[in-house]
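Work through the exercises below with the model open. Each task is followed by its solution.

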Amino acid sequence: MTKTKIIAFQGRPGAYSDLACRQARPGWETLPCEDFHSTIKAVQTGKADQAMLPCENNLVGRVPDIHTLLPSSDLFIVGEHFQRVEHCLIGIKGAKISDIKRLHTHPVAMGQVSELIQSLHIEPIIQFDTAGSTEIIAKLNNKEDAAIASSLAAELNGLEILQHNVEDKSYNTTRFYIVAQEKEIPAIEEPNILTTLLFKTKNIPSALYKALGGFATNNINMTRLESCMADGNFIATKFLVDVDGHIEEASLKRAINELRFYAEECVILGVYPASPYRQSKH
């Protein structure tokens with residue numbers, strides 16, 4: 001009998017990360033974890049085969065913890081997933097929108113439904129997690145308490161969706177890295193491959209400009225460049241980069257060799273297929 005594979009995520013059952021796991025890895029068991037550290041540890045210890053880690057959102061920007069935790073985890077990026085964030089207004093069975101007086105959810109989600117809050121004149125109550133807020137209102141069992149979370153969270157907690165897509169912006173999307181213990185590098189002839197790397201520049205004039213110059217001269221498209229402080233040092237800076245291309249392609253090899261000349265360190269975090277979501281947006 002084939003063992004069911006497990007993918008870990010940060011959050012409570014029904015969180016958007018849980019939904020992302022179910023869409024990216026249908027048929028896999030999802031494993032909720034308290035924080036990003038325990039999510040990564042689940043893969044490191046073999047408790048999970050992979051983990052779903054949010055890295056950026058098109059409304060609120062990057063997820064900073066991932067910059068710190070992933071490079072030191074000895075895990076590799078084996079895929080990416082884009083999850084549309086569709087907020088639902090959720091209440092207990094029999095509740096109506098007119099009954100609501102208090103709204104529970106995570107602070108980021110709360111900021112994304114400000115128009116709803118203003119229109120209903122309800123009190124926002126901050127909770128630790130979107131899916132966790134549905135667990136809270138289920139326990140309260142009060143028609144005056146509602147939550148903002150995913151449709152999956154409503155289903156798992158036996159609650160009712162009072163209104164779909166209540167977010168202020170309809171394009172709210174989170175990108176995730178899918179990570180594992182072992183590299184899963186695609187064949188070089190496969191199309192639409194991404195490479196993610198992390199490097200630290202030398203503390204010399206024009207180091208970043210020169211380090212990135214190789215990507216330009218070798219016609220490599222850079223899809224993401226993020227800076228983060230290195231080891232709490234105000235002088236040293238690390239940069240996380242996503243580029244189009246396979247690490248074995250000659251042009252990308254030349255670009256990375258040039259980068260290494262101006263960088264103190266350079267680590268390849270993953271070589272993996274680009275999500276079909278990218279092609280749909282072209």
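The exercises cover a cavity, a strand residue and a helix.

This is a predicted model, in which local features need pLDDT of at least 70, side-chain atom pairs count only at pLDDT 80 or more, and totals for chains, interfaces and linings use all residues. Residues are numbered from 1 along each chain as its sequence is written, and side-chain values use heavy atoms, with hydrogens and water left out.

**Exercise 1.** State which residues line the largest cavity and how they divide by type.

Step 1. A cavity is a set of points on a 1 Å grid over the protein atoms alone where a 1.4 Å probe fits but cannot get out; lining residues have an atom within 4 Å of a point. The count is one cavity of 30 Å³ or more.

Step 2. The largest cavity holds about 30 Å³, the volume being the space filled by probe spheres set on the points.

Step 3. Its lining consists of Ile66, His67, Leu70, Pro71, Leu240 and Leu269.

Step 4. Five of the lining residues are nonpolar, one is polar and none is charged.

**Exercise 2.** Decide whether Ala263 is buried or exposed, and list its contacts.

Step 1. Ala263 belongs to strand E15 (residues 263–273); strands are DSSP runs of E, at least two residues.

Step 2. Ala263 is buried because its relative accessibility is 8%, and buried means under 20% relative accessible area (1.4 Å probe, protein chains only).

Step 3. Leaving out residues up to four places away in sequence, Ala263 touches Phe199, Lys200, Thr201 and Lys202; contact means heavy atoms within 4.5 Å.

**Exercise 3.** Find the buried residues of helix H8.

Step 1. Helices are DSSP runs of H or I, at least four residues; H8 spans residues 207–217.

Step 2. Ala207, Ala211, Leu212, Gly213, Gly214 and Phe215 are buried.

How values were computed
1 Å grid on protein atoms, 1.4 Å probe; cavity = no way out; pocket = protein on both sides within 12 Å on 5 of 7 lines; lining within 4 Å. Nonpolar A, V, L, I, M, F, W, Y, C, P; charged D, E, K, R; others polar. Buried < 20%, exposed > 50% of the residue type's maximum accessible area, 1.4 Å probe, protein only.
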